[in-house]
Amino acid sequence: MLAVHYYMIFDGSDAQWCHMKSFYKPNSIFSFSGETHVGKIDIFDTLSRIRQMLKGNSPCEKIAHVMEKVYCCTHGEEGMSVQVSGSFIVGNEFLVCADGFRAEGMPSIDELSPDILSNQAGHFQEDFFFEPGTAMGCYVISKQELHISET
């Protein structure tokens, strides 16, 4: 569910975007395109630039995530590792189409229009390492690696 919430905020409205900072702590690490960013402010600024690039200049250019595969396992004593891979599509909404994984209200891959899958604009793989936050049941991203490739 952490990954689902992450992409819902990433692809969601500008009003919700500021909440992305709460996923990170002061010494979190984000790696993308050969660069490493440390701390919630630097990571938020970098993610904001990536988000703006994917958003495009008009609604018909917006690119959204399609989460196709999700792998989870324990990491360390109390943390967890989540690997997410999928596609980017030209569209307005984040989609979850992973086998055996269904977010309430989201279609399965079998229910998608063939037009949606023909609008692929690339692929992504993202590795998240979560650790317990300061509040009970709350997790933060301690390390994240993003890889993007074109179709």
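Ser85, when residues up to four places away in sequence are not counted, touches Val66, Met67, Glu68, Lys69, Phe124 and Gln125. In this predicted model, Ser85 lies in strand E4, and because its relative accessibility is 19%, under the 20% cut-off, Ser85 counts as buried.

Tyr7 belongs to the largest nonpolar core, a set of 28 residues in which Tyr6, Tyr7, Met20 and Leu47 touch the most other members. Two or more residues of this core come from each of helix H1 (2-10), strand E1, helix H3 (40-55) and the strands E3 (63-75), E4 (79-90), E6 (120-132) and E7 (139-149), with H1 giving the largest share, 6 residues. In soluble globular proteins, nonpolar side chains tend to be buried together.

Strand E1 (residues 24-32) also holds Lys25. Is this lysine, Lys25, buried or exposed? Lys25 counts as buried, because its relative accessibility is 19%, which is under the 20% limit. Setting aside neighbours within four places in sequence, Lys25 is in contact with Gly39, Lys40, Glu131, Val140, Ile141 and Ser142, and with Glu131 its side chain forms a polar contact of 2.2 Å, side chain to side chain. Lys25 and Lys143 are separated by 118 residues in sequence, yet their C-alpha atoms are 9.9 Å apart in space.

Definitions and conventions. Residues numbered from 1 in each chain as written. Predicted model: local features only at pLDDT ≥ 70, side-chain atom pairs only at ≥ 80, totals over all residues. Heavy atoms only, no water. Helix = DSSP H or I, 4+ residues; strand = E, 2+ residues; numbered from the N terminus. Buried < 20%, exposed > 50% of the residue type's maximum accessible area, 1.4 Å probe, protein only. Contact = heavy atoms within 4.5 Å. Polar contact = N/O pair within 3.5 Å; in protein donor to acceptor, adjacent residues only side chain to side chain. Core = buried A, V, L, I, M, F, W, Y, C linked by side-chain atoms within 4.5 Å.
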